[in-house]
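Dear colleague,

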Amino acid sequence: MLSGKEVAQHDSKESCWIIVHGEWHVYDVTEFLDEHPGGSKIILKYAGKDATAEYDPIHPPDAIKTNLPKEKHLGPVQPDTVEKVEVETTDEEKARLERVENKPALAEILNLHDFEYVARQIMPEKAWAYFSSAAEDEITMRENHAAFHRIWFRPRILRDVTNVDYSTKILGHNSSMPIYISAAALGKLGHPDGELNLTRAAAKHGIIQMIPTLASFSFDEIVDNAQPGQVQFFQLYVNKNREVARRLVEQAEARGIKALFITVDSAQLGRREKALQLIQDMNQEHTSDPSKVTKAQLGTSNVTQEASKPMPAPSTVLDPGLCWKDIVWFKSITKMPIILKGVQCWEDALEAYDQGLAGCVLSNHGGRQLDFSRSGIEVLAECVKYLKEKRGLTFPNEKFQLFVDGGVRRATDVLKAVALGATAGKLCVKININT
Ligand code: HEM
Ligand SMILES: Cc1cc2nc3c(=O)[nH]c(=O)nc-3n(C[C@H](O)[C@H](O)[C@H](O)COP(=O)(O)O)c2cc1C
């Protein structure tokens, strides 16, 4: 056991130790300083100290394991000997903390628009930029919701609706409602319990959670937090290194994951300018390397993770080379049903059906990838039409399920999707509609 005092002596670039994580582990990052993708300045700010609070929300769970040689892991430190890091609180931060303190009770929040408003008020700027940003002019993001405004009901009367059961089956698994929680990376940015909150909520309400590849918690931690028998799906970003992809799929199958959703709308990261703006500010603050700023400004940095920086992930996590032959390979290595997440026209939905896949999520990634992609609900209408015309399919269809996400903010949106043929849809933290 190291003492906090000893660690504190290594507070310079000649010898730089930091403490990270609940288990209070000490790491020697002296040689890593120049390699750190976030620059050395930010780490030096925490030299000899506990960096957990800053480190945790913005790094993938395996960042240390993957980037820091074992011999640099110096072991645990006695927690009570570690001095608290004095973080200077700006006036803006004080005001934000006050808003957190006074946030409305859950029962006062009536709908998802309220949630969004409150989130914007209380989240750190970084988190809000990540969660709320979409590609370029954010036209698709707005259209996703607006598209539902163009669909109207044609209610029938004098039907007995005393008992309404809106439970359903999604890919053969019971769900209390025709929605599931879709993948959203880096949950810890929003709350220290991140994705585990969603695991618990899904269990409590009998809905299915899709675990993201880029979750803040490790895959095992999320699965370990599920109740016995709780159904979970897994979202896969296909790593350039197919052995990594294979390992993720095998791990998911071994742990009882019931379906594999492969994200196919992210050949590269969408240009999310709100997030880029923030990176620019951060780079100015944390690094002296002006080329980083320029790259970020131009949107040409090789950021390939879900978040766009400052939300780190290995740059190999997305593969522009992903194509149909890989899907055939995935089919050969897993018995889990495969669903493509991010299908945006009927031709690709038809191809997925012909390849023997279990379904598609008609989605444009919440408008975060290609601006001017059409909304999922609009694509649903054409898929239903052409899959009937070309292959005689009717929807909802158990053998080939259509899901819709993007802009779903109301139960009426879900109802519209289901009425048009979807198995389920997604809600903000991400509920998907199952048509
Ligand atoms: C144990 C030591 C650390 C390791 C192994 C590590 C690893 C990484 C990795 C792998 C990335 C991103 C890679 C990518 O984008 O593909 C990253 C980015 C980043 N890290 Fe660390 N990190 C460490 C310590 C820290 C600490 C103590 C801080 C302080 C808060 C920090 C702040 C950042 C920031 C701000 C970025 C984003 C940089 C940018 O987008 O320009 N890191 N780190
Ligand atoms: C903050 C955030 C993070 C996301 N992360 C992922 C991800 O890691 N993988 C993925 O396939 N989709 C991801 N998505 C896309 C969602 O799964 C879903 O397709 C989209 O959010 C639906 O649109 P909506 O936000 O309008 O509901 C993310 C979306 C948001 C808003």
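The residues that form the shell around ligand 2 divide into nine nonpolar, nine polar and six charged, where Ala, Val, Leu, Ile, Met, Phe, Trp, Tyr, Cys and Pro count as nonpolar, Asp, Glu, Lys and Arg as charged, and the others, Gly among them, as polar. In total 24 residues surround this ligand, and the closest are Ser182, Ala184, Ala185, Thr263 and Gly366; a residue is taken as near a molecule or strand if its C-beta atom, placed from the backbone, lies within 6 Å of it.

Please bear in mind that this is a predicted model, in which local features need pLDDT of at least 70 and side-chain atom pairs count only at pLDDT 80 or more, while totals for chains, interfaces and linings use all residues. Residues are numbered from 1 along each chain as its sequence is written, and chains are lettered from A and ligands numbered from 1 in the order in which they are written.

On confidence, the model scores ipTM 0.80 and pTM 0.83. The protein chain averages a pLDDT (the predictor's confidence in each residue, from 0 to 100) of 87, and 88% of the residues score at least 70. Over residues 286-314, however, the pLDDT is below 50, although this stretch has 65 contacts in the model beyond near neighbours in sequence; two residues are in contact if their C-beta atoms, placed from the backbone, lie within 7 Å. The pLDDT also stays under 50 over residues 426-432, a stretch for which the model has 36 contacts beyond four places in sequence.

As for the overall build, the protein chain holds 17 helices and 14 strands, which are DSSP runs numbered from the N terminus (H or I of at least four residues for helices, E of at least two for strands). Of its 435 residues, 42% are buried, meaning that 20 or more other C-beta atoms, placed from the backbone, lie within 10 Å of a residue's own, whereas 12 or fewer make a residue exposed and the values in between partly exposed. Among the contacts between residues at least 6 apart in sequence, 69% join residues at least 24 apart.

The domain assignment gives domain 1 (4-81) and domain 2 (145-269 + 315-434), with bounds that come from an automatic or database domain assignment. The C-alpha centres of domain 1 and domain 2 lie 37 Å apart, and the contact takes four residues from domain 1 and six residues from domain 2. On the side of domain 1 that touches domain 2, the residues divide into three nonpolar, no polar and one charged.

Leu260 itself touches Phe234, Leu236, Val249, Ala252, Thr334, Met336 and Ile338, not counting residues up to four places away in sequence.

The peptide bond from Phe395 to Pro396 is cis, with omega near -5 degrees, and Pro396 lies in the loop between helix 16 and strand 12 (401-404). Leu171, in the loop between strand 4 (168-170) and strand 5 (173-175), has a positive phi near 50 degrees although it is a residue other than glycine; Leu171 counts as buried because it has 23 C-beta neighbours inside 10 Å. Leu186, also not a glycine, has a positive phi of about 55 degrees and lies in the loop between strand 6 (180-181) and helix 9 (194-205), and with 25 C-beta neighbours inside 10 Å Leu186 is therefore buried.

Lastly, Met1 sits in the segment before helix 1 (4-8) and, with 11 C-beta neighbours inside 10 Å, counts as exposed. Leaving aside neighbours within four places in sequence, Met1 is in contact with Pro76, Val77 and Gln78; Met1 and Gln78 are 77 residues apart in sequence and 6.2 Å apart in space, C-alpha to C-alpha. Glu14, in the loop between helix 1 and strand 1 (17-20), is exposed because 8 other C-beta atoms lie within 10 Å.
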